[in-house]
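Let's take a walk through a protein chain together, one stop at a time. Keep the sequence and the 3D view open as you read.

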Amino acid sequence: MLGEVYDVPNAQQVGRPGQAQNGIDVFGQSSRHGRIGIQCKRLSDLDEHNNPYPGGPITRAFLRAEAKKALGFKHDLKLWILATTARRDTKVQEWVEESNEEWQQAGRDRIAIVWTWDECISHLNSYPNLQRKYYQDVIQVCAPKDLDEIILRTIAMAFARPAFEVPLHCETPSEFFQALKDTQKALRTGELVDRESRHVIRKAIGGYHELDDSHARARLGEVDKNLKLLRTQLEQGLKDKTIPTVGTCLDIREPALAHYLEELRQRCVDELNQVLRGTAIPTI
């Protein structure tokens, strides 16, 4: 990742596990930024497919200890990066700036930054070659079928939410639209966001477009169209008042419209389940 993000052609791993590394796991020279070192810390568990569950925590003491350790690295760094599976946190950024101010006051020409799991996912999205390396080397996907399973499991997780179970007249518009948006994003990009924290909790690069199985790809393309249609119909109904709200819930008064929207939503689930039945993945 260092090579792609900062254009470091000679990025290399420092030592091997168990050796003293002075807070640096990957090191390289950038023509623009100078010497850069990355310290990698996995601060969360992995799921059954070796994907990190974003978690934490990064404490002030932990961050300062790692930053101090990096001062002992044999090369003088211009940029020190702590790359971690922890979630993005404003407090952590404040602690980073605290370290930067101390380094500046001490006359050190060095900057510290933190790559949370959110930043790592963003970088993966930006560099196709890096995506391929990640799946081949880290997740150890060896065949198209393996990658298909990762993508389909991510999409299945996106649909396993109340927005596809609770009757439409019980839905809260803002939450329901956000759920539909998140589901469609997972379907199209493979990026699944936690409903509460809004952090990326799973990533299958490329979404359904990258499925090797053309039959599954075509079916999920129909799911994508139906999700878009469902969102459009509901948004239009709220706009022209044919679907008013009572309290915090949708009030679809026209029986035919209510039946059509429920059918459209169920069609999305049914199409997905048709794809999942051909795999070892449980249906929704």
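Start with Lys241, which is exposed, with a relative accessible area of 63%. Here is how the labels work: buried means under 20% relative accessible area, exposed means over 50%, and partly exposed is in between (1.4 Å probe, protein chains only). You'll find Lys241 in the loop between H8 and strand S8 (245-246). Helices (H or I, at least four residues) and strands (E, at least two) are DSSP runs, numbered from the N terminus. Phi of Lys241 is near 70°, a positive value in a residue other than glycine. That deserves a second look because most residues other than glycine have a negative phi.

Another positive phi turns up at Asp7, where the value is near 55°. Asp7 sits in the loop between helix H1 (2-6) and S1, and at 55% relative accessibility it counts as exposed.

Before going on, a word about what you're looking at. This is a predicted model, in which local features need pLDDT of at least 70, side-chain atom pairs count only at pLDDT 80 or more, and totals for chains, interfaces and linings use all residues. Residues are numbered from 1 along each chain as its sequence is written, and side-chain values use heavy atoms, with hydrogens and water left out. As for pLDDT, that is the predictor's confidence in each residue, from 0 to 100. The protein chain averages 83, and 86% of the residues score at least 70. Among its elements, helix H5 (residues 128-138) has the lowest mean pLDDT, 66, while helix H9 (residues 255-276) has the highest, 94.

Now zoom out. The protein chain has nine helices and nine strands, and buried residues make up 44% of its 284 residues. Contact here means heavy atoms within 4.5 Å. Among contacts between residues at least 6 apart in sequence, 64% join residues at least 24 apart.

Next comes the sheet. Five strands form an open sheet in the order S1-S2-S3-S4-S5, with mixed pairing. Its edge strands are S1 (12-13) and S5 (111-115), each of which pairs on one side only. Two strands count as paired if DSSP finds at least two bridges between them. In general, strands of a sheet pair through backbone hydrogen bonds, either parallel or antiparallel.

You can see both kinds of pairing here. S2 and strand S3 (residues 34-41) run antiparallel and are joined by five bridges, and a hairpin of three residues links S2 to S3. Across that pair, Gln29 stands opposite Arg35, and Ser30 stands opposite Gly34. S3 and S4, on the other hand, pair in the parallel sense over six bridges, with Gly37 of one facing Trp80 in S4.

Helices lie against these strands too. Helix H3 (residues 90-105) lies across S4 and S5, running at about 165° to S5. For such angles, axes are lines fitted to C-alpha atoms, for helices over the stretch in contact, and the angles run from 0 to 180 degrees between N-to-C directions.

Let's go back to Ser30, which belongs to strand S2 (residues 26-30). Is Ser30 buried or exposed? At 2% relative accessibility, Ser30 counts as buried. Not counting residues up to four places away in sequence, Ser30 touches Tyr6, Asp7, Val8 and Ile36. Its side chain also reaches the backbone oxygen of Tyr6 at 3.2 Å.

Leaving aside its neighbours within four places in sequence, Asn226 is in contact with Leu264, Arg267 and Cys268.

The last stop is the cysteines. How many disulfides are there? A disulfide is a pair of cysteine sulfur atoms within 2.5 Å, and by this rule the count comes to zero. Take Cys170: its sulfur is 6.1 Å from the closest cysteine sulfur, in Cys249, so that is too far for a bond. Cys170 counts as partly exposed at 37% relative accessibility. Cys40 is also partly exposed, with a relative accessible area of 40%.

Key
Polar contact = N/O pair within 3.5 Å; in protein donor to acceptor, adjacent residues only side chain to side chain.
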